[in-house]
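User: I'm new to this structure and would like a close look at a single part. Could you pick the salt bridges and talk me through them, then show me what lies elsewhere along the chain?

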Amino acid sequence: MKRICDLINDAGITVPLPLNGCPVRLRCRNRVNVIALGDVGATMLIGLRLLGSDVVSDIGICDIRPEACRRLEMEINQIRYPFEGPELPGVHIIEPDDLFDCDVLIFCASRGVPEVRKSSEADRDDGPTDVRMAQLEANRGIIKTYAGMARDKGFKGLVAVVSDPVDNLAAAFLDESGLDAWQFQGYGLGVMNARAMYYAERDSVFASYITEGRVYGPHGQDLVAANSLTSYDPELSDALTALARDANLEIRKLGYKPYIAPAVSSAALSILLTLRGEWHYGSIYLGSREDGAFMGIKNRLTEDGWEYEDADLPDELYDRIRRAYNGLRSIR
């Protein structure tokens, strides 16, 4: 059997970038800044305010629309307990020049978000027309701007990439900024696990996933949802993968953008678990400066850096994960 660590060797990468740095103050209150307050950013902000008292001291917000900042500064700060309760993180407006004056920068900026429409092949997330990939080129320019700011500021904190395509944009941010690999994580896989759990709870054929399953890879094309690490069933896993991967289409069929679950499961909850040093799903960098990819996997942040689950994998499952990893490397 092989493990996740073997992906690097099998790709011919001999000197991978280290992940042994800790960019935040674990289990302490960190200063968090958020760039862009669209549907995802605004929803994530609610989760951070309500659930982040133990690891978030305050949240700075920045958007090209000043009215969006003013609205959310008022509304989010008006979310509070009526009498006794935890001290919720305050929200304040910041200028672009102050974005990297923090411990955690959450990147939610995006261009080219697909409009709500009836489901069609162009809406799918599993082929050449993957809507997330259509956003990649549009968002590279944004990444270049903020990566340059991070480099110029000598940023030492965590860059949490939430914008789609998460894994590719995290790699672009790493390339453009010159920061260390351990300063990044992509947050897109949490909702894929949540979607797999949703279907596993509703169909007993997938029940093994609830206690034995894992998700790997990107948020979208090449997702891998394994029904079990100990009793891996390729056909069952492929069926569950398709359900989780295409769950967003079911929301689109109803005429809505599927952003609530990603904003909370992938972003708010997973970022808070990161700051607490607890296990979660996210993308960490596996590779060298010239070759590699952000790979979604179960992981946690420790005082010594990133630790990921490196269990023995059935051969068929490893081969499927390796294809996902190589696919991410090819779109770097």
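**Salt bridges, up close**

Let's start with Asp-291, which is partly exposed, having a relative accessible area of 24%. Keep in mind that what you're looking at is a predicted model. The partner of Asp-291 is Arg-329, and in their salt bridge the closest N and O atoms sit 2.7 Å apart. These two come from distant parts of the chain, 38 residues apart: Arg-329 belongs to helix α11, while Asp-291 is in the loop between β9 (280–287) and β10 (292–302). There's also a network here, in which salt bridges with shared partners join Lys-2, Asp-10, Asp-319 and Arg-322.

Across the whole structure, the search turns up 19 salt bridges. One of them is between the side chains of Asp-222 and Arg-320, at 3.8 Å from N to O. Asp-222 is in the loop between β7 (214–216) and β8 (224–226), and Arg-320 is in helix α11 (residues 315–330), so this pair ties together parts that are 98 residues apart in sequence.

Now look at Arg-245 and Asp-246, which form a salt bridge with 3.1 Å between the closest N and O atoms. Both of these residues are buried.

What about bonds between cysteines? The search of the whole structure finds 0 disulfides. Take Cys-102: the closest cysteine sulfur to its own is in Cys-62, 11 Å away, and that's too far for a bond. Cys-102 is buried at a relative accessible area of 7%, whereas Cys-5 counts as partly exposed at 23%.

Next, turn to helix α3 (residues 66–77). At 1.5 Å a residue, its 12 residues should span 16 Å, and the end C-alpha atoms are 17 Å apart, which agrees. Its buried residues include Ala-68, Cys-69 and Leu-72, along with Ile-76 and Asn-77. Looking down the axis of α3, you'd find the buried residues within an arc of 130°, so they line one face of the helix. In general, an α-helix has 3.6 residues a turn, so residues three or four places apart point the same way. As for what those buried residues of α3 pack against, it's α2 (39–51), β2 (56–62) and β3 (90–93).

Back at strand β9, you'll find His-280. At 4% relative accessibility, His-280 counts as buried. A polar atom of the His-280 side chain lies 3.0 Å from the backbone oxygen of Glu-278. Leaving out residues up to four places away in sequence, His-280 touches a number of others, among them Gln-185, Tyr-187, Ser-270, Lys-298 and Trp-306.

Most residues other than glycine have a negative phi, and most peptide bonds are trans. Arg-27 isn't a glycine, yet its phi is positive, at about 60°. You'll find Arg-27 in the loop between α1 (6–10) and β1 (30–35), and at 51% relative accessibility it counts as exposed. The peptide bond from Asp-164 to Pro-165 is cis, with omega near -10°. Pro-165 is in the loop between β5 (158–161) and α5 (166–177).

Conventions
Residues are numbered from 1 along each chain as its sequence is written. This is a predicted model: local features need pLDDT of at least 70, side-chain atom pairs count only at pLDDT 80 or more; totals for chains, interfaces and linings use all residues. Side-chain values use heavy atoms; hydrogens and water are left out. A salt bridge is a side-chain nitrogen of Lys or Arg within 4 Å of a carboxyl oxygen of Asp or Glu. Helices (H or I, at least four residues) and strands (E, at least two) are DSSP runs, numbered from the N terminus. Buried means under 20% relative accessible area, exposed over 50%, partly exposed in between (1.4 Å probe, protein chains only). A disulfide is a pair of cysteine sulfur atoms within 2.5 Å. The expected span of a helix is 1.5 Å times one less than its number of residues. The arc is that of the directions from the helix axis to the C-beta atoms. Contact means heavy atoms within 4.5 Å. A polar contact is a pair of N or O atoms within 3.5 Å; within protein, one must be able to donate a hydrogen and the other to accept it, and residues adjacent in sequence count only if both atoms are side-chain atoms.
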